Amino acid sequence: MEQSELMVRRIKEGTVIDHIDEGKGLQVINALHIDGKDGSLITIALNVPSGKFSKKDIIKVENKFLKDEDTNKIAVIAPKATINMIRDYKLVEKRRVSLPNEIDKIFRCSNPDCITNSNEVIESVMDVIDKEGSVLKCRYCSRILDINRLKYY
Ligand SMILES: [Zn+2]
């Protein structure tokens, strides 16, 4: 077991999101709308030493299993993250996230005149045009968007 694993309590059922880029843990929490209101145990560890020179964030959420759209959100925010599903204290599935080519309904377009921000019921569709630099392009208004500056629905 990695030493960093010992810093946070193990969970019985739920999800461990590991290897989140340093400083992105809280963004992941926001994007997944994890607020702890259902009483589940949530552990957030920021700046956990990982390897010799780097740090990472880790989130453990009891009683939550991620849907594909959640996984896509994590891929966007923290492309190096791994998602571990825990059942009865055992790791039953480990997933790497990967940035999709297209991102639907996760972010709001930053262009106030975009049709996706009007009263029409049209949800955003964005093409990922640079996976390394996290650059998106709105399919409706063609605005170039920086993932790190967008608001979530
Ligand atoms: Zn737009």
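Two residues count as in contact here if their C-beta atoms, placed from the backbone, lie within 7 Å. With that in hand, take Ala81: leaving aside neighbours within four places in sequence, Ala81 touches Ile17, Asp18, His19, Ile20, Ile74 and Val97.

Some ground rules before going on. This is a predicted model, where local features need pLDDT of at least 70, side-chain atom pairs count only at pLDDT 80 or more, and totals for chains, interfaces and linings use all residues. Residues are numbered from 1 along each chain as its sequence is written.

**Overall layout**

The protein has two helices and 11 strands. Both kinds of element are DSSP runs numbered from the N terminus: helices are H or I with at least four residues, strands are E with at least two. Reading from the N terminus, the order is β-α-β-β-α-β-β-β-β-β-β-β-β.

As for size, the C-alpha atoms fill a box of roughly 50 × 35 × 20 Å along the principal axes. The radius of gyration is 17 Å, which agrees with the value near 15 Å that a compact globule of 153 residues would have. That radius is taken over C-alpha atoms, and the globule rule is 2.2 Å times the number of residues to the power 0.38. Of the contacts with a separation of 6 or more, 60% are between residues 24 or more positions apart.

How much of the protein is buried? The share is 27% of the 153 residues. Buried means that 20 or more other C-beta atoms lie within 10 Å of a residue's own, exposed means 12 or fewer, and partly exposed is in between, with C-beta atoms placed from the backbone.

Five residues from domain 1 and four residues from domain 2 make the contact. On the domain 1 side, α1 and α2 each supply at least two residues, and α2 gives the most, with three residues.

The largest nonpolar core has 28 residues, and those with the most contacts inside it are Ile17, Ile20, Val28, Ile74 and Ala81. A core of this kind is a set of buried Ala, Val, Leu, Ile, Met, Phe, Trp, Tyr and Cys residues joined through C-beta atoms within 7 Å. At least two core residues come from each of β1 (14-21), α1 (25-31), β3 (54-62), α2 (68-77), β4 (82-87) and β9 (135-138). Again α2 gives the most, this time with four residues. Both domain 1 (3-96) and domain 2 (102-152) give residues to this core, so it lies between them.

So what about α2 itself? Seven of its 10 residues are buried, so the helix is largely enclosed by the rest of the structure. The buried ones are Asp70, Asn72, Lys73, Ile74, Ala75, Val76 and Ile77, and they pack against β1, α1, β4 and β6.

**The four-stranded sheet**

Strands pair, by the rule used here, if DSSP finds at least two bridges between them.

| Strand pair | Bridges | Sense |
|---|---|---|
| β6 and β8 | three bridges | antiparallel |
| β8 and β9 | four bridges | antiparallel |
| β9 and β10 | three bridges | antiparallel |

Which residues face each other across the sheet? Met126 in β8 stands opposite Ile103 and also opposite Cys138 in β9. Asp127 stands opposite Lys137, and Asp130 has Val135 as its bridge partner. Val135 in turn stands opposite Asp146 in β10.

Strand β9 has two faces: Leu136 and Cys138 are on the covered one, Val135 and Lys137 on the uncovered one. The strand also takes part in two hairpins. With β8 there are four residues between the strands, and Ser134 takes a positive phi near 55°. With β10 there are five residues between, and Ser142 in the turn has a positive phi of about 65°.

Terms used: Domain bounds come from an automatic or database domain assignment.
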